[in-house]
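Dear colleague,

I am passing on a structure to you, together with some notes on its charged side chains. Please look at the entry below before reading on.

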Amino acid sequence: MSRFETTFAQLSAKNEGAFVPFVTLCDPTFERSFDIISTLVDNGADALELGFPFSDPLLDGPVIQAANNRALNAGHSTEDSFKLLEKVRSKYPEIPISLLLCANLIFAKGLDEFYARCANVGVDAVLVADIPLLAKDDYVAAAKRHGIQPVFICPPNADEKIVQGVAQSSEGYTYLVSRAGVTSAENQSHAANLDSLVEQLKANNAPPILQGFGIAQPAQVKEALHLGAAGAISGSATVKIIARNLDNHAQCLNELGEFVRNMKAATK
């Protein structure tokens with residue numbers, strides 16, 4: 001079993017959902033990012049979804065764009081991100097780690113080299129935000145050659161064919177987007193058809209569903225679980241805590257710890 005499969009099985013046995021925070025690697029610096037990720041895990045994160053600093057993110061709103069810029073302005077690169085992942089995996093051998101990033105970052109290194117490096121540092125899954133199903137084959141093949149689970153996004157406007165494709169192509173977990181648009185903790189509206197999409201994904205034997213976009217409060221974690229998702233991902237709300245505590249690292253870690261504990265409590 002993969003780390004994701006093991007974790008979801010353990011949570012199901014305890015009748016719990018998963019809480020998965022997202023942060024950008026090396027935001028605001030390499031060492032502080034390691035402290036931040038350690039704090040997320042130590043306070044109850046069930047898995048991690050992590051991004052690489054990138055100058056042209058296509059899915060991200062202003063909060064995560066700013067996180068990318070902080071890491072880039074601090075001089076951190078894809079290479080630093082891999083080194084940080086290696087350090088995180090060394091400290092936390094069991095936690096599932098997924099990457100959410102754009103295709104250019106993979107393409108720049110070459111598909112096989114990128115996925116091989118992911119395997120070497122202990123990444124479990126990779127979600128390429130801007131690769132649609134019709135262009136997935138080379139990425140999926142490279143991922144599987146190196147034992148990396150490919151993950152795909154189910155958008156709120158998915159038709160039956162897309163739902164089926166997402167369900168059949170994803171491994172580890174399925175990312176269900178709450179609404180159209182870019183990432184944001186402020187926009188907490190959800191599409192009206194999420195329950196139907198959850199049902200359709202399950203009918204097509206999709207991996208466990210994690211709902212993301214606009215998840216900023218414990219009540220929304222509970223709502224995602226009530227809809228039938230296996231858990232929830234929170235990115236912008238997590239990264240906002242980093243952004244408002246750039247001058248006080250200790251306070252940043254305290255607030256992140258409290259946030260994760262509260263969000264995790266909502267899964268029980």
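Is K144 buried, partly exposed or exposed, judged by its relative accessibility? With a relative accessibility of 48%, K144 counts as partly exposed. Please keep in mind that this is a predicted model.

K144 forms a salt bridge with E171, in which the closest N and O atoms are 3.1 Å apart. The two belong to distant parts of the chain, 27 residues apart, since K144 sits in helix α7 (residues 137–145) and E171 in the loop between α8 (160–169) and β7 (174–177). E171 is likewise partly exposed, at 26% relative accessibility.

A second pair is made by R3 and D124, whose closest N and O atoms lie 2.7 Å from each other in a salt bridge. Because R3 is part of helix α1 (residues 3–13) while D124 lies in the loop between α6 (111–121) and β4 (125–128), this pair ties together parts that are 121 residues apart in sequence. R3 is partly exposed, with a relative accessible area of 26%, whereas D124 is buried at 8%. R3 and D124 also belong to one network with R89, joined by salt bridges that share partners.

Finally, D46 and K264 meet in a salt bridge of 2.8 Å, N to O, which links the loop between α2 (30–42) and β2 (48–51) to helix α12 (residues 249–265), 218 residues apart. D46 is buried, with a relative accessible area of 13%, and K264 is buried too, at 7%.

The count for the model comes to 12 salt bridges, the pairs described here among them.

Terms used
Residues are numbered from 1 along each chain as its sequence is written. This is a predicted model: local features need pLDDT of at least 70, side-chain atom pairs count only at pLDDT 80 or more; totals for chains, interfaces and linings use all residues. Side-chain values use heavy atoms; hydrogens and water are left out. A salt bridge is a side-chain nitrogen of Lys or Arg within 4 Å of a carboxyl oxygen of Asp or Glu. Helices (H or I, at least four residues) and strands (E, at least two) are DSSP runs, numbered from the N terminus. Buried means under 20% relative accessible area, exposed over 50%, partly exposed in between (1.4 Å probe, protein chains only).
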